[in-house]
Structure formats: C-alpha cells, structure tokens
Amino acid sequence: PPPAQVDSDLAVSLDDLPHVAYAQGIQSFDLLDWELAQLRTRQGLYARAEGDFAMAREGVLEARKAEIEASVASGALTVKDYIAVLRRAITLEQRRALAERSKPGVRGKQLAIHSLRRIKVMKEELDGALTMEGGERESPAAAGEQDGHA
C-alpha cells in the first residue's frame with residue numbers, strides 16, 4: 001500500500017484490521033509464510049482461530065503472497081526496491097509494537113509480542129536480501145540508526 005495508507009493503519013490495532021487490510025499491510029514474503037505457518041498450526045495470535053476467520057485470513061495471506069511473487073516475476077519489484085520496502089516495513093512494525101505494548105491488558109502485550117516476532121522475521125529476510133544484492137548485512141546498530149532508535 002502507499003506509505004500514507006500504511007501510516008494510517010498504524011492507528012489501528014492488528015486485531016481490528018479487516019483481513020484484506022491486514023494482508024495488504026504485509027510487505028515481506030517471508031512474513032507472509034510465517035503468518036501462514038502460525039495460522040495453520042494455530043500458534044501465537046492464531047491459537048484460537050477458528051472456521052470462517054481462519055479460512056478468510058489464510059485466503060488473503062495466500063493472495064498477497066501471489067501478488068508479491070507476480071511483482072518479482074514481472075520485474076516490477078527489484079531486489080533494491082524490496083530492500084527499501086523491507087526497511088520501511090520494519091520501522092513501521094517497530095512503531096506498532098510500541099503502540100500495542102502501551103495498551104492496557106494482556107491483549108496489547110500479546111500483540112506487541114506478535115509484532116516483535118514479525119520484526120525478527122523481516123530482519124532475517126532483509127539480511128538475506130542484502131546478501132543476495134551483494135551488500136553487507138545490517139548490524140543491529142546500523143538498523144537502529146536507520147530506524148531512528150540509536
């Protein structure tokens with residue numbers, strides 16, 4: 001989605017995003033795989049996912065995955081562009097984790113943990129993309145500087 005849309009989605013909890021908006025907010029192919037694995041094995045936030053919810057979420061995650069694959073296959077999404085997308089997605093997810101963590105109650109903490117796990121998946125993917133591009137992997141300090149956290 002365009003950056004303005006992603007930024008406006010930050011005001012909405014992961015719990016409150018409709019399935020399509022949730023999937024469209026994911027910019028990372030590896031994160032889509034991770035979300036699907038969590039859903040299919042009923043882990044993390046998906047521990048109690050049932051029936052229609054699980055089927056709808058799985059369908060939009062698979063569609064988003066196909067969309068990213070098509071962008072790569074057509075050349076519309078280059079490795080360089082993908083690296084920039086991943087960096088932005090990591091920054092936004094870090095902000096989301098902080099916002100979720102500040103909410104009262106257990107659910108906010110669960111959502112913050114989910115966001116932190118999403119960040120880990122994306123950082124690992126970013127390291128792989130940087131290696132594929134021939135660049136150096138990001139050190140945690142460099143990632144923090146880029147995210148404005150150093």
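Trainee: Why is Gln38 called buried?

Mentor: Gln38 has 9% relative accessibility, and buried means under 20% relative accessible area, with exposed over 50% and partly exposed in between (1.4 Å probe, protein chains only). Gln38 therefore counts as buried. This is a predicted model, in which local features need pLDDT of at least 70, side-chain atom pairs count only at pLDDT 80 or more, and totals for chains, interfaces and linings use all residues. Residues are numbered from 1 along each chain as its sequence is written, and side-chain values use heavy atoms, leaving out hydrogens and water.

Trainee: What does Gln38 touch beyond four places in sequence?

Mentor: Gln38 touches Gln43, Gly44 and Tyr46, where contact means heavy atoms within 4.5 Å. Gln38 itself is found in helix 3; helices (H or I, at least four residues) are DSSP runs, numbered from the N terminus.

Trainee: What makes a set of residues a nonpolar core?

Mentor: The set must consist of buried Ala, Val, Leu, Ile, Met, Phe, Trp, Tyr and Cys residues joined through side-chain atoms within 4.5 Å. The largest such core here has 27 residues, and Ile26, Leu31, Leu61 and Leu126 have the most contacts inside it. Helices 2, 3, 4, 5 and 6 each supply at least two residues of this core.
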